[in-house]
Amino acid sequence: MIGPDIAGIAEKLGAAADSATAIPQLAAETGLDVDAAYGVQTALLQRRLDRGERLVGLKMGLTSKAKMAQVGVDEVIWGRLTDAMRVPDGGTVDVAGFIHPRVEPEVAFLLDRLPDPGEPVGSFTRAVRAVAPALELIDSRYANFTFSLPDVVADNTSAAAFVVGPWSPVPDGLDNLGVLLEIDGRVAQVGSTAAILGDPRRALDEGIRLAGRHGVRLRKGWVFLAGAATAAVPLRPGAHVRAVVEKLGTASLKAAA
């Protein structure tokens, strides 16, 4: 049996992102399963690398019940981050370059060394140099922001852009810190880091395990986005967005009008 056209699917998704044009879901039509979808994700990454981007980290997706419910899937997933996706803290994003962007508050880790697969959470601080509040801008390339699990994996887990706030030493506890997402100075979402697999440190363990299945090992100096602490909110032109994470500080961006 002939498998799905990995290169062809990656080209369709890449073209959709480049032109900010939504496309129909692809998995059902092409027979794409989750394993093959990660192959598409790898091809999409290569497309970016070929035009000069650098791989700078990984991100987790669907690590909270709120996110799973919002998009209708029920498995933790992971994707790739490149330098072209990074927006400076307080920087401006042109929303015209996206299809239907949404923003969510996150926790970011800066890796100090290569963690070992299955390494206990107890040795977490020996693998992580620093932690920071963060924002992720997600933008599904599928119409109506609707997709199956293989669809969203192939689409690099809807990754579009990210902001990392000031780095700080890892505090004693990360498992129940208050999180706010503010839009134009008003609270749009309230959450807790406990929504990220119960403790954001578990997201790193999951990322090591899941990425390792596909031959990807995390590297020293990479950024690791642990996942969203709340549901995502649509990003409108002109909006000022700020994530506030207890003990960690803030990260912000502005959407160009």
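The model is a predicted one, so keep its cut-offs in mind: local features need pLDDT of at least 70, side-chain atom pairs count only at pLDDT 80 or more, and totals for chains, interfaces and linings use all residues. Residues are numbered from 1 along each chain as its sequence is written, and side-chain values use heavy atoms, with hydrogens and water left out. Helices (H or I, at least four residues) and strands (E, at least two) are DSSP runs, numbered from the N terminus.

**Strands around S13**

- Strands count as paired here if DSSP finds at least two bridges between them.
- Strand S4 (residues 91–93) runs parallel to strand S13 (residues 249–255), and three bridges join the two.
- Within that pairing, Gly91 has Leu253 in S13 as its bridge partner.
- Strand S12 (residues 240–245) also pairs with S13, this time in the antiparallel sense, over six bridges.
- S12 and S13 make a hairpin with three residues between them, and Lys247 in the turn has a positive phi of about 75°.

- Six of the six residues of strand S10 (residues 223–228) are buried, so the strand is largely enclosed by the rest of the structure.
- For these labels, buried means under 20% relative accessible area, exposed means over 50%, and partly exposed is in between (1.4 Å probe, protein chains only).
- S10 runs parallel to S1, with three bridges joining them, and Leu58 stands opposite Phe224 in S10.
- S10 also pairs with S5 in the antiparallel sense over four bridges; here Ala108 has Leu225 in S10 as its bridge partner.

- Glu182 is found in strand S8 (residues 178–183).
- Its relative accessibility is 13%, so Glu182 counts as buried.
- Leaving out residues up to four places away in sequence, Glu182 touches Val187, Ala188, His240, Val241, Arg242 and Val244 (contact means heavy atoms within 4.5 Å).

**The largest pocket**

- About 330 Å³ of space lies in the largest pocket.
- For the volume, grid points are joined across faces, edges and corners, and the space filled by probe spheres set on the points is taken.
- A pocket, on a 1 Å grid over the protein atoms alone, is an open set of points where a 1.4 Å probe fits, with protein on both sides within 12 Å along at least five of seven lines; lining residues have an atom within 4 Å of a point.
- The lining has 20 residues, and Ala17, Arg48, Arg51, Arg141 and Ala159 lie nearest the centre of the pocket.
- Helix H1 (6–19), helix H3 (34–50) and strand S7 (159–164) each supply at least two lining residues, with H3 giving the largest share, five residues.
- By type, the lining divides into eight nonpolar, four polar and eight charged residues.

**Salt bridges**

- The structure holds 12 salt bridges, each being a side-chain nitrogen of Lys or Arg within 4 Å of a carboxyl oxygen of Asp or Glu.
- Arg47 forms one with Asp18, with the closest N and O atoms 2.9 Å apart. This pair links distant parts of the chain: Arg47 is in helix H3 and Asp18 in helix H1, 29 residues apart.
- Arg47 is partly exposed at 21% relative accessible area, and Asp18 is partly exposed at 46%.
- Glu136 forms another with Lys59, the closest N and O atoms being 2.7 Å apart. Glu136 sits in strand S6 (residues 128–138) and Lys59 in strand S1 (residues 55–61), 77 residues apart.
- Glu136 counts as buried at 1% relative accessibility, and Lys59 is buried too, at 2%.
- Arg129 and Asp112 also meet through their side chains in a salt bridge (3.1 Å, N to O). Arg129 is in strand S6, while Asp112 is in the loop between strand S5 (102–111) and S6, 17 residues apart.
- Arg129 is partly exposed at 42%, and Asp112 counts as partly exposed at 31%.

Conventions:
Ala, Val, Leu, Ile, Met, Phe, Trp, Tyr, Cys and Pro count as nonpolar, Asp, Glu, Lys and Arg as charged, and the others, Gly among them, as polar.
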